[in-house]
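Thanks for making time. I have one structure to walk through, so let me put it on the screen.

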Amino acid sequence: MAELDIDTRAAKLGIDWSQVNLDSIQLPPGENFGIESDDEGVYHDDQLEFDTGFGNIIVVDNLPVVPKTKFEKLENVLKKIYSQLGAIKEKGLWMPVDPNTGMTLGYCFIEFNTPQEAQNAKEKTHGYKLDKSHIFAVNMFDDFDRLMNVKEEWEAPQTKPYVPGENLQKWLTDEKARDQLVTRSGPDTEVFWNDARQKNTELVHKRSYWTESYVQWSPLGTYLVTLHKQGAAVWGGADTFTRLMRYQHNMVKLVDFSPGEKYLVTYHSQEPSNPRDASKVEIKVFDVRTGRMMRDFKGSADEFSIGGPGGVAGASWPVFRWAGGKDDKYFAKLSKNTISVYETETFGLIDKKSIKVDNVVDICWSPTDSILSLFVPEQGGGNQPAKVALVQIPSKVELRQKNLFSVSDCKMYWQSSGEYLAVKVDRYTKTKKSTYSGFELFRIKERDIPIEVLELDNKNDKIIAFAWEPKGHRFAVIHGDQPRPDVSFYTMKTTQHGGRVTKLGTLKAKQANALFWSPTGKYIILAGLKNFNGQLEFFNVDELETMATTEHFMATDIEWDPTGRYVATAVTSVHEMENGFTIWSFNGKLLYRNLKDHFFQLAWRPRPPSFLSPEKEEEIAKNLKKYSKKYELEDQDVSLLLSEQDREKRKALKEEWEKWVKQWKSLHEEEKLARQNLRDGEISDEEEEEDEAKEVKEVEFEDVIDVTEEVVQE
């Protein structure tokens with residue numbers, strides 16, 4: 001009822017509305033007379049979001065019927081089984097007892113923390129064989145309420161018209177063949193098209209406070225994941241970026257995708273109340289499409305801290321390493337003296353056993369095959385040598401092993417196609433006072449996996465960086481002493497030397513400490529980050545020549561786009577000045593800059609592998625001129641358009657300037673008489689000088705053209 005209607009109604013009834021105490025009015029129970037509460041909308045939203053009923057409770061049937069004396073034993077068995085599948089609430093397991101006989105009734109109720117854990121427990125244990133006579137029948141508690149309310153008469157289900165979902169790969173069909181990138185600056189997360197032709201970005205989607213820490217693309221570019229206090233969420237699309245799924249994991253800190261994007265791993269750690277205790281870690285594995293939790297792992301940070309390139313709160317990240325390929329069939333976890341390899345069909349250990357390897361400290365999967373490489377350091381004071389081994393999964397058969405002596409440390413580098421494995425070995429000298437480095441090179445695809453040993457020309461050179469050429473057979477090494485080390489290039493394939501590794505060349509005294517290959521190979525950036533203040537050298541490895549040398553002062557990050565056409569360099573907020581990013585062409589030409597305050601992150605959207613066969617790609621490369629004509633014409637049109645736009649812009653600025661000057665000259669003339677009156681008829685010095693300048697004056701002057709000295713004899 002509108003306020004005006006209420007006032008009119010009160011006047012007719014002779015009620016002084018201003019004297020009425022509204023708080024004293026009580027409506028009959030269950031009646032609101034059409035007046036909606038201010039928080040009614042919020043209430044319903046909360047119900048839709050958080051009201052889960054009894055969805056976190058399961059009913060386990062076909063249990064043994066036992067007396068009170070065996071009650072505790074059966075309860076412990078059930079807790080042992082179900083606590084591995086989710087967190088059971090305190091007093092969350094209840095077994096009804098027959099009051100007459102004191103015997104259990106053969107079923108129990110188990111309450112988990114979340115509905116996802118309950119659903120996972122139901123699916124994993126329905127049909128579980130406790131013994132020959134007792135096979136579990138597990139149902140959700142909510143299912144009983146649904147089944148009890150089934151109508152007596154059958155009704156045909158309503159058919160809903162098919163509504164196609166958004167094509168999550170639509171962004172790959174961009175007519176300009178552009179790539180997307182995501183940035184975070186201040187509270188804003190933005191997705192852009194990199195429009196290098198227009199020498200600028202084109203905004204696709206922008207949202208403030210989209211994530212509470214960072215964002216991450218999935219490996220094939222299908223999803224963008226954001227992190228929140230309640231868990232993680234994935235978003236997709238070409239420009240809408242609608243939320244596709246949420247994954248409940250309170251205070252999630254880190255996420256990781258499987259290579260084929262089928263699974264999402266989330267990580268959370270909780271600091272202990274006692275500083276001497278280790279942090280508590282919880283890791284969950286979700287099905288990306290359904291949001292269902294497939295398995296969770298809990299323990300102290302110490303249990304997850306062995307190996308790994310980086311981590312948080314003492315635990316290495318990623319904790320789980322995924323086997324190569326799109327199948328997402330296996331993932332492994334490194335523990336003390338143990339490698340646990342899980343298969344995703346049941347999310348259990350292969351053969352229900354871990355691989356026992358004494359003192360193993362690092363593992364690494366082939367990017368394309370189910371081959372696991374591992375490193376074991378020396379033991380027994382050097383009596384037992386270090387070793388690098390290759391293990392086939394799931395058979396767990398050792399394919400190759402190499403014993404290494406006097407080893408200080410090892411680092412394993414797989415080539416992206418899985419054809420080669422390089423192991424950088426740091427060895428002690430005879431005096432044990434210093435170390436030197438070399439490489440053990442495994443040829444994975446060749447018979448018996450032959451191994452070559454590579455030592456630098458000066459084996460005492462310190463190795464600063466190593467990088468394989470993507471999809472290629474070459475690698476680059478930065479070695480020597482700072483601040484000007486050398487950069488050497490090697491190849492694993494040469495016709496002159498058969499199958500032996502060969503050095504292609506060495507670049508002397510370069511200001512570089514990092515290597516960034518193009519995703520398509522051939523080109524590489526020799527970068528000097530941190531102490532080198534952003535030195536960049538764009539190098540063509542095919543021709544062994546420098547294409548460009550430039551600088552992005554204080555650059556902290558360098559990332560190629562997935563096509564290898566463009567490079568982004570960025571200065572993040574670790575520096576207070578010059579935050580933002582710069583886009584370069586593959587040959588080092590600066591295209592445009594984009595400055596942003598409080599700049600945190602830049603990431604290109606990955607592309608899935610091409611459907612073209614290697615033969616077709618090679619054919620296109622050979623006939624590139626034929627295909628490039630179309631794009632050259634388009635580039636020419638864009639270039640002409642940009643030139644025309646620049647000319648129009650300059651013309652407009654010139655006309656605006658001339659118009660402004662003309663206006664001020666006109667105003668100056670109009671006020672001339674007023675200025676003279678203010679000076680009692682005298683003109684200003686400047687105006688007098690202007691008048692004198694207009695007069696033509698003849699000025700005589702002398703100039704000495706030449707001086708000669710002549711001696712006159714008397």
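Start with what helix H4 packs against. The buried residues of H4 make contact with strand S1 (57–61), helix H3 (71–82), strand S3 (107–112), strand S6 (137–140), strand S16 (280–287) and strand S17 (293–300). Keep in mind that this is a predicted model. H4 itself covers residues 115–125, and its buried residues are Glu 117, Ala 118, Asn 120, Ala 121 and Thr 125. Looking down the helix axis, those buried residues sit within an arc of 160°, so they line one face of H4. Just after the helix comes Gly 127, with a positive phi of about 90°.

Now the chain as a whole. There are nine helices and 45 strands. The chain has 714 residues, and 40% of them are buried. Take the contacts between residues at least 6 apart in sequence: 46% of these join residues at least 24 apart.

Which residues form a nonpolar patch on the surface? They are Trp 657, Trp 660, Trp 664 and Leu 667, and together they have about 480 Å² of accessible area. Of these, Trp 660 belongs to helix H7, which runs over residues 624–670. Trp 660 has a relative accessibility of 44%, so it counts as partly exposed.

Next, cysteines. How many disulfides does the structure hold? The number is zero. As for individual cysteines, Cys 108 has 0% relative accessibility and therefore counts as buried. Cys 410 is buried too, at a relative accessible area of 8%.

On to charges. Side chains of opposite charge can pair when their charged atoms come close. Searching the whole structure gives 25 salt bridges.

Asp 369 has 25% relative accessibility, so it is classed as partly exposed.

Then there is Arg 427 with Glu 440, a salt bridge in which the closest N and O atoms are 3.3 Å apart. This pair also links distant parts of the chain, with Arg 427 in strand S30 (residues 420–428) and Glu 440 in strand S31, 13 residues apart.

The last pair is Arg 443 and Glu 446, where the closest N and O atoms are 3.6 Å apart. Arg 443 counts as buried, at 4% relative accessibility, whereas Glu 446 is partly exposed, with a relative accessible area of 39%. Elsewhere, salt bridges with shared partners join Asp 174, Lys 176, Arg 178, Asp 195 and Glu 202 into one network.

Finally, some backbone geometry. Most residues other than glycine have a negative phi, and most peptide bonds are trans. The peptide bond from Ile 393 to Pro 394 is cis, with omega near 15°. Pro 394 is in the loop between strand S27 (386–392) and strand S28 (397–404). Another cis peptide bond runs from Gln 482 to Pro 483, with omega near 10°. The loop holding Pro 483 lies between strand S34 (474–479) and strand S35 (486–491).

Two residues other than glycine are worth checking for phi. Lys 522 has a positive phi, near 75°, and is in the loop between strand S37 (514–517) and strand S38 (523–528). Its relative accessible area is 29%, so Lys 522 is partly exposed. Met 554 also has a positive phi, near 70°. Met 554 is in the loop between strand S40 (545–551) and strand S41 (557–560), and is buried, at a relative accessible area of 16%.

That is what I have. Questions are welcome.

How values were computed. Residues numbered from 1 in each chain as written. Predicted model: local features only at pLDDT ≥ 70, side-chain atom pairs only at ≥ 80, totals over all residues. Heavy atoms only, no water. Disulfide = S-S within 2.5 Å. Buried < 20%, exposed > 50% of the residue type's maximum accessible area, 1.4 Å probe, protein only. Helix = DSSP H or I, 4+ residues; strand = E, 2+ residues; numbered from the N terminus. Arc of directions from axis to C-beta. Contact = heavy atoms within 4.5 Å. Patch = residues over 30% accessible without salt bridge, like charges linked within 9 Å, V, L, I, M, F, W, Y side chains within 5 Å. Areas by Shrake-Rupley, 256 points an atom, 1.4 Å probe, with all protein chains shown as cover. Salt bridge = Lys/Arg side-chain N within 4 Å of Asp/Glu carboxyl O.
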